[in-house]
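Good morning, and thank you for making the time.

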Amino acid sequence: MQTIDKFNFAGKKAIVRVDFNVPLDENGKVTDDTRIRGALPTLKKVLADGGSLIMMSHMGKPKGKVNPKLSLSQIVDPVSKALGVAVKFAPDCANAADVAAALKPGEALLLENLRFYPEEEGKPVGIEKTDPNYDTAKKDMKAKQKEFAKTLASYADCYVNDAFGTAHRKHASTAVIADSFDTENKMLGYLMEKEVKAIDNVLKNAQHPFTAIIGGSKVSSKLGVIKNLLTKVDNLIIGGGMGYTFIKAQGGHIGDSLHEDELMPEALSVMEEAKKLGVNISLSVATVAGNKFADDADKQIVDIYNIPEGWEGMDASEASLKNWKEIILASKTILWNGPVGVFEFPSFAHGTGEIAKYVAEATENGAYSLVGGGDSVAAVNKFGLADKVSYVSTGGGAMLEAIEGKVLPGVAAITGEA
Ligand code: AMP
């Protein structure tokens, strides 16, 4: 497998899939440039070697149609500044051959939002799944997707995928395009390499005890994650909103707490399976309950199995935190996904902040910690602890699918992994 570090881009044109799906304000100004900064090591390597750089990305969900509000032309200036090169812009991804061919070594080009083309995602537009012609439309679109990917590939001599956030999608620019390059001329970018290594560190090379902390709102969105982790971890801490389904399934009274009745049998089978595998599942023992879903709710600490009607569990209590602290500090590998309370409300953010601290402390003591998947990343950032954990993943959905044990098409297209 080719690696970016070994590759010499001198005199070559590189097409790089980046994740420039950055938030913009109403004037089209970038409000958070983390993703642009995240791609810089890869982009700068291409330019420093004397290569020509062709960047491509999606932004938002234009659903196969041109939408000026989601035009990447709005980020040409910030990308130019970050790269230190005046970036050219190609307003039509499918017709950029001339401008790409004219690029000199050290020059950079940004293509328009890939998702202005339905071919990028490869899903037929304007036809319902129930339509009898849907399958034909889908086949047609898949063929067009291949053509679109070939067009993009024709602009360059080599392909780099550095967009971890879309690695779980089999899109033209994230996976299909790789078919047009031989093994020597396609590679993961630096950011993707780091993400893949971080996931391998927990899923393939974990040191034990290995503890996963799974929080957040719904069991349904994390069931795959929990099931895959059961065969790997020593401890599974289940906190946050999803914990109440487990408590109710065991006959607990959870008041008005968040829960999913239809997932109670699954929750019980997870507990059963954990017992068989010798995995210690640690649920909350008491909760900080509120009398409404609001920051200024009245609060009381109640036993997790006896939450009164009219009250809902909204944060982890000191009693639960004490148990979890002990487990986390004794761990050698930690994976954290999802807050253990409604951390967006300052009065219910304490528990999540504590977990962030314990993970940081365990890391300082030598544990490997990976924090990933949406809100837990926001939480470590909120508590200023992002640089005190081993790795913070940039890809929410991609990270979750990887922890579910799924092969990510964007990674597989390069590594050949099945
Ligand atoms: P997820 O996207 O599944 O990781 O869920 C994250 C969300 O879960 C955050 O917005 C939290 O506010 C929410 N959450 C965590 N604990 C609770 C709880 N006890 N009740 C309601 N929502 C919660």
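**A loop residue and its partners**

Let us begin with S347, whose side chain forms a polar contact of 2.3 Å with the side chain of D295. A polar contact here is a pair of N or O atoms within 3.5 Å; within protein, one must be able to donate a hydrogen and the other to accept it, and residues adjacent in sequence count only if both atoms are side-chain atoms. This is a predicted model, in which local features need pLDDT of at least 70 and side-chain atom pairs count only at pLDDT 80 or more, while totals for chains, interfaces and linings use all residues. Residues are numbered from 1 along each chain as its sequence is written, and side-chain values use heavy atoms, with hydrogens and water left out.

S347 sits in the loop between strand 15 (333–337) and helix 11. Helices (H or I, at least four residues) and strands (E, at least two) are DSSP runs, numbered from the N terminus. Leaving aside residues up to four places away in sequence, S347 touches D295 and K299, where contact means heavy atoms within 4.5 Å.

**Around the ligand**

Which residues come nearest to the ligand? Of the 15 residues around it, they are S217, K222, G313, E344 and D375; a residue counts as near if one of its heavy atoms lies within 4 Å. An N or O atom in the side chain of E344 is 2.4 Å from an oxygen atom of the ligand. For S217, a backbone N or O atom lies 3.0 Å from a ligand oxygen atom. At G313, a polar backbone atom is 2.9 Å from a nitrogen atom of the ligand.

**Helix packing**

I turn now to pairs of helices. Helix 10 (residues 318–329) and helix 11 (residues 350–364) have axes that come within 9 Å and cross at roughly 15°. Axes are lines fitted to C-alpha atoms, for helices over the stretch in contact, and angles run from 0 to 180 degrees between N-to-C directions. Helix 10 and helix 11 are therefore roughly parallel, as angles under 35 degrees count as roughly parallel, over 145 as roughly antiparallel, 65 to 115 as roughly perpendicular and the rest as oblique. Among the residues that make this contact are W324 and I328 of helix 10 and Y358 and V359 of helix 11. By class, the contact of helix 10 with helix 11 has 8 nonpolar, 2 polar and 4 charged residues. Here Ala, Val, Leu, Ile, Met, Phe, Trp, Tyr, Cys and Pro count as nonpolar, Asp, Glu, Lys and Arg as charged, and the others, Gly among them, as polar.

How are helix 1 and helix 2 placed relative to each other? Helix 1 (residues 34–49) packs against helix 2 (residues 76–83) at an angle of about 60°, with their axes 10 Å apart, and the two helices are therefore oblique to each other. Their contact is made by I36, L40, L43, K44 and L47 of helix 1, together with P78, V79, A82 and L83 of helix 2.

**Two backbone details**

Most residues other than glycine have a negative phi, and most peptide bonds are trans. K63, in the loop between strand 2 (52–56) and helix 2, has a positive phi of about 55° although it is not a glycine. H208 and P209 are joined by a cis peptide bond, with omega about 0°. P209 lies in the loop between helix 6 (190–203) and strand 7 (210–214).
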